[in-house]
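Subject: Structure handover and notes

Dear colleague,

I am passing the structure below on to you, together with notes on what came out of going through it. Please read the notes with the coordinates open beside them.

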Amino acid sequence: MDSISIYEDAARLLANSDENGYWSYALYNQGIRVASNRVLDYITGDSANQTLPISYSTQKAKDFISSLITKYSAVISSGVIQKPSDYYHYDNLFILSLKNQTGCSDDGTSCEEDDVVEEIVQTPVEMLDGQQFYVRAQTYIKGLKPSPKKPICKMIGNTIEFLPKELGSCTLEYIRYPIYGTINTTIDPIYYEIVADPTTSIDNEFGEWARELLLYYLVQGFSTQISQQSLYQMNEASGKK
C-alpha cells in the first residue's frame with residue numbers, strides 16, 4: 001500500500017478533527033510502525049481483541065495475513081534453535097528427516113534395489129508451555145514421553161527448546177512482522193520545500209484491506225500524543241505560577 005497516500009489520508013482526517021499539531025513525515029514514520037503492529041495484533045486476536053493474539057481466529061483473518069507466513073529452516077543444536085529476528089507469532093513446526101523408499105511392492109513379494117528413493121518426512125512438533133514441557137520431560141508414560149516420532153518444544157526468550165535434543169533439523173512456519181513503510185523526503189526544486197519522495201519511499205506491506213485500520217490507529221496515536229503534550233504543557237505552566 002502506498003505510504004504517501006496513507007499519510008495524505010491521515011492528514012485529511014486530522015484536518016477535520018479538533019486536534020492541533022503538526023502532522024509531519026517523521027511523525028508518520030514513527031506512527032506507522034505502531035499502527036502496523038496494532039493492525040497485526042487486531043487481525044490475529046479475537047474479535048473483541050480482549051485476549052492475547054491467537055493465529056487465525058477466522059479464515060478471513062488467515063487470508064489477510066497469509067503473505068506474512070514465512071518458512072525458516074534451522075539445524076537444532078543441543079536441542080535449541082534461535083527464533084528469526086522478524087518473528088511475531090507461531091504457526092507450525094516440523095522436524096525434518098529422510099526416509100528411504102524402496103521399490104518393493106506393497107506385499108513385499110518383489111523388490112528392485114535400484115528404485116530406492118530418499119523422501120523428506122515432516123514430523124509435527126507439539127508446542128507446549130513451560131509447565132507442560134516439564135511434565136512431559138519427566139513422565140514415564142510411553143505414549144507421552146518425548147521421542148523422535150513425538151517431539152515436543154517450548155519457547156524461552158528468543159529460542160525454541162526441543163525434546164529429545166538430538167533431532168537434526170527443523171522447519172518453523174511463523175508470522176513475521178510486516179514491512180512498515182517509510183516516507184523519505186527531498187527538496188522541491190521550485191518551492192524549496194521538504195516534500196515526500198515517491199521514488200525512494202517504501203510502501204507498507206499490508207494490502208488495501210488494511211487502509212481504514214491503519215488510518216484509525218495512526219490518527220488515534222497522533223491524537224493521544226497531542227493530548228498528552230497539551231496536558232504536560234498545562235502542568236508545566238501551572239507549576240511555574
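Ser-78 is exposed, with a relative accessible area of 61%, where exposed means over 50% relative accessible area, buried under 20% and partly exposed in between, computed with a 1.4 Å probe on protein chains only. Ser-78 lies in the loop between β1 (69–75) and β2, and although Ser-78 is not a glycine, its phi is positive at about 55 degrees. Helices and strands here are DSSP runs numbered from the N terminus, helices being H or I with at least four residues and strands E with at least two.

The model is a predicted one, in which local features need pLDDT of at least 70 and side-chain atom pairs count only at pLDDT 80 or more, while totals for chains, interfaces and linings use all residues. Residues are numbered from 1 along each chain as its sequence is written, and side-chain values use heavy atoms, with hydrogens and water left out.

Tyr-192 also has a positive phi, of about 55 degrees, without being a glycine; Tyr-192 sits in the loop between β9 (185–187) and β10 (194–196), and counts as exposed at 65% relative accessibility.

Turning to the sheet, 4 strands form an open sheet in the order β2-β7-β6-β5, with mixed pairing, two strands being taken as paired if DSSP finds at least two bridges between them. Because β2 (80–82) and β5 (126–127) stand at the edges with a single partner strand each, one side of each is left without a neighbour in the sheet. The strands β5 and β6 (residues 152–156) run parallel and are joined by 2 bridges, with Glu-126 standing opposite Ile-152 in β6. Helix α4 (residues 130–138) packs on this sheet, touching β5, β6 and β7 (159–163), and its direction makes about 140 degrees with that of β6; contact means heavy atoms within 4.5 Å, and the angles, which run from 0 to 180 degrees, are taken between N-to-C directions of lines fitted to C-alpha atoms, for helices over the stretch in contact.

Within α4, Tyr-134 is exposed, with a relative accessible area of 52%, and the C-alpha atoms of Tyr-134 and Lys-154 are separated by 9.6 Å although these residues are 20 residues apart along the chain.

The peptide bond from Leu-163 to Pro-164 is cis, with omega near -5 degrees, and Pro-164 is placed in the loop between β7 and β8 (169–176).

Finally, helix α2 (residues 25–44) has 20 residues and should therefore span 28 Å at 1.5 Å a residue, which agrees with the 28 Å between its end C-alpha atoms; the expected span is 1.5 Å times one less than the number of residues. Buried residues in α2 include Leu-27, Tyr-28, Ile-32, Val-39 and Ile-43.

Best regards
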